[in-house]
Amino acid sequence: MEIKEKKKVGEKRKRADESKLLRTVFVGNLPLKVKKKLILKEFKEPAEASLAHNMSLIAGNHIRVMWIDHLYDSMRTVFMGNLPFDVKGEEVNQLFTGKSNLENNVEAVRVIRDPRLNIGKGIAYVLFETRRINALIFFKV
């Protein structure tokens, strides 16, 4: 008599979800009027190779490319508040451009927006590549 091992409910779906995560990346900060053809041209390679496009320019915006399940590291992230509601990610990124110790260290910029109205909430997060941020960052606006 042969004994078959019982599979748990949802096990097949879980394996499918894991394989999907390995080939899925999040692309953010794309301009609203960017053409699908341009995006497909940029992202022909496998998901892991697509990560090299992080902070590259597409139609004037520095895009964010990261794994779909990527979590922000609080030791590498700076919170920015009291921003104008119409601030763009590019404007926040430009604050760090030209600062010799920060310019090439910015990994991602995320401006928090209202999902229905698509206007900013006045806050943003800047993710740096390393944890070498030893001092507070102040900007004169």
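Residues are classed as buried when their relative accessible area is under 20%, as exposed when it is over 50%, and as partly exposed in between (1.4 Å probe, protein chains only). By this criterion strand E6 is mostly covered, with six of its eight residues buried. The structure is a predicted model, in which local features need pLDDT of at least 70 and side-chain atom pairs count only at pLDDT 80 or more, whereas totals for chains, interfaces and linings use all residues. Residues are numbered from 1 along each chain as its sequence is written, and side-chain values use heavy atoms, with hydrogens and water left out.

The chain contains four helices and seven strands; helices (H or I, at least four residues) and strands (E, at least two) are DSSP runs, numbered from the N terminus. Along the sequence these elements follow the pattern α-β-α-α-β-β-β-β-α-β-β. Of the 141 residues in the chain, 29% are buried. The chain exposes about 11200 Å², of which carbon and sulfur atoms supply 55%; accessible areas come from the Shrake-Rupley method with a 1.4 Å probe, and for residues only the protein chains shown count as cover. Among contacts (heavy atoms within 4.5 Å) with a separation of 6 or more, 60% join residues 24 or more positions apart.

Strands E5, E7 and E6 form, in that order, an open sheet of three strands with antiparallel pairing, where two strands pair if DSSP finds at least two bridges between them. E5 and E6 are the edge strands, each pairing on one side only. Neighbouring strands of this sheet are turned by 20 degrees against each other on average, direction ignored; axes are lines fitted to C-alpha atoms, for helices over the stretch in contact, and angles run from 0 to 180 degrees between N-to-C directions. The antiparallel pairing of E6 and E7 extends over six bridges. Val-109 has Val-126 in E7 as its bridge partner, and Arg-110 stands opposite Tyr-125 in E7. E6 and E7 form a hairpin with six residues between them, and Asn-118 in the turn has a positive phi of about 60 degrees.

Helix H4 packs on the sheet, where it touches E5, E6 and E7, and its direction makes about 140 degrees with that of E6. The buried residues of H4 are Gly-89, Glu-90, Val-92, Asn-93 and Phe-96. These residues lie on the same side of H4 because they cover an arc of only 160 degrees around the axis, the arc being that of the directions from the helix axis to the C-beta atoms. Their cover includes strands E2 (57–58), E3 (61–62), E5 (77–80), E6 and E7. In the loop between E2 and E3 is Gly-60, which counts as partly exposed because its relative accessibility is 48%. Gly-60 and Glu-90 are 30 residues apart in sequence and 8.3 Å apart in space, C-alpha to C-alpha.

A nonpolar core is a set of buried Ala, Val, Leu, Ile, Met, Phe, Trp, Tyr and Cys residues joined through side-chain atoms within 4.5 Å. The largest such core has 12 residues, including Met-55, Met-80, Leu-83, Val-92, Phe-96, Val-109 and Val-126. H4 (89–96), E6 (106–113) and E7 (120–128) each supply at least two residues of this core. A second, separate core of five residues includes Phe-43, Ile-58, Ile-63 and Val-65. Leu-83 touches Val-92, Gly-122, Ile-123 and Ala-124, not counting residues up to four places away in sequence.
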